[in-house]
Amino acid sequence: MEELRKKNNSLNVVDRKLPTKGFHNKVSLSAFSLLFSELIQYTHRRVHNVKDFERRLADIGYNVGLRLLEYISWKEKATKRETEFERILHFISNTVWKMLFGKNARPEKSKQVAGRYMITEDETLVNKFISVPKDLAGLSCGSFVGGIVEGILYASEFLAKVTTHSVQVPENPRFPRTVILIELDKEVFEREAPQDG
């Protein structure tokens with residue numbers, strides 16, 4: 001017993017392994033809701049219109065996305081970077097979405113415009129517990145998630161313009177569908193286009 005105690009005490013708390021039994025890498029929904037509502041209130045005090053509000057949320061999400069890609073790459077022990085846009089989109093809609101929200105998102109490629117992709121989410125968690133005041137009607141807190149996507153794409157060297165839109169759904173009018181629209185930069189689109197010759 002004494003030997004075991006010496007062995008455990010000799011390791012620094014940082015060097016010890018994390019417990020795996022009974023330990024889940026999940027944050028409680030109430031803790032997330034509280035933290036996110038504080039973020040919304042903090043941002044609301046510093047803006048005067050919906051456009052600025054959504055831009056600030058996207059900026060905060062962008063910084064989260066930069067760090068999130070690094071964390072997931074470290075956790076998954078990824079040794080190489082994705083070089084194809086379709087694969088990074090699949091990574092975002094499956095691995096990242098599952099880590100953040102516990103489910104997969106639906107990625108889609110636009111049939112009308114080349115270089116345009118969408119990630120669709122029926123009930124975005126960040127919109128679920130937010131009561132939008134009348135002076136900010138039309139606010140989509142999904143801009144935060146759009147910022148995360150943009151940060152991950154930028155860190156992966158896929159320059160793109162990412163915008164977030166709310167689409168009212170007749171089946172569920174209280175929670176609009178969130179559509180994250182990704183428009184690839186011309187340079188990235190040309191790089192992704194199949195080479196002729």
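Is E157 buried, partly exposed or exposed? In this predicted model, in which local features need pLDDT of at least 70, side-chain atom pairs count only at pLDDT 80 or more, and totals for chains, interfaces and linings use all residues, E157 is partly exposed, with a relative accessible area of 47%, where buried means under 20% relative accessible area, exposed over 50% and partly exposed in between, for a 1.4 Å probe and protein chains only. Residues are numbered from 1 along each chain as its sequence is written, and side-chain values use heavy atoms, with hydrogens and water left out. E157 sits in the loop between helix 6 and strand 3, and its phi is positive, at about 65 degrees, although the residue is not a glycine. Most residues other than glycine have a negative phi.

The secondary structure of the protein comprises seven helices and four strands, taken as DSSP runs numbered from the N terminus (H or I over at least four residues for helices, E over at least two for strands). Read from the N terminus on, the order of the elements is α-α-α-α-β-β-α-α-β-β-α. The protein has 197 residues, of which 34% count as buried. Among contacts (heavy atoms within 4.5 Å) with a separation of 6 or more, 62% are accounted for by residues 24 or more positions apart.

In soluble globular proteins, nonpolar side chains tend to be buried together. Here the largest nonpolar core has 39 residues, a core being a set of buried Ala, Val, Leu, Ile, Met, Phe, Trp, Tyr and Cys residues joined through side-chain atoms within 4.5 Å. At least two residues of this core come from each of helix 2 (29–44), helix 3 (50–75), helix 4 (85–101), strand 2 (116–121), helix 6 (143–155), strand 3 (160–167) and strand 4 (177–184), and the largest share, eight residues, is that of helix 4. The members that touch the most other members are F85, I92, W97, I119, L153 and I182. When residues up to four places away in sequence are not counted, F85 touches Y117, L153, F158, I182, L184 and E192.

T43, which lies in helix 2, is buried, with a relative accessible area of 1%, and, neighbours within four places in sequence aside, T43 is in contact with F53, R56, L57 and I60. S37 also belongs to helix 2, and its side chain reaches the backbone oxygen of L34 at 2.9 Å. The C-alpha atoms of S37 and I130 are separated by 7.1 Å, although these residues are 93 residues apart along the chain. In helix 3, V50 is 88 residues from G138 in sequence and 7.4 Å from it in space, C-alpha to C-alpha; leaving aside neighbours within four places in sequence, V50 is in contact with L136, A137, G138 and L139.

The largest pocket holds about 970 Å³ of space. Pockets were located on a 1 Å grid over the protein atoms alone, a pocket being an open set of points where a 1.4 Å probe fits, with protein on both sides within 12 Å along at least five of seven lines, and lining residues having an atom within 4 Å of a point; grid points are joined across faces, edges and corners, and a volume is the space filled by probe spheres set on the points. Of the 31 lining residues, V27, F32, M99, L100 and F101 are the closest to the centre of the largest pocket. Helix 3 contributes the most to this lining, with seven residues, and the lining has 19 nonpolar, four polar and eight charged residues, where Ala, Val, Leu, Ile, Met, Phe, Trp, Tyr, Cys and Pro count as nonpolar, Asp, Glu, Lys and Arg as charged, and the others, Gly among them, as polar. L100, in helix 4, counts as partly exposed at 33% relative accessibility; L100 and V27 are 73 residues apart in sequence and 9.6 Å apart in space, C-alpha to C-alpha.

The second largest pocket has about 340 Å³ of space and is lined by 16 residues, with I130, V132, L139, R174 and P176 nearest its centre. Its lining divides into eight nonpolar, six polar and two charged residues. R174 lies in the loop between strand 3 and strand 4 and is exposed, with a relative accessible area of 62%.

Note on methods
Polar contact = N/O pair within 3.5 Å; in protein donor to acceptor, adjacent residues only side chain to side chain.
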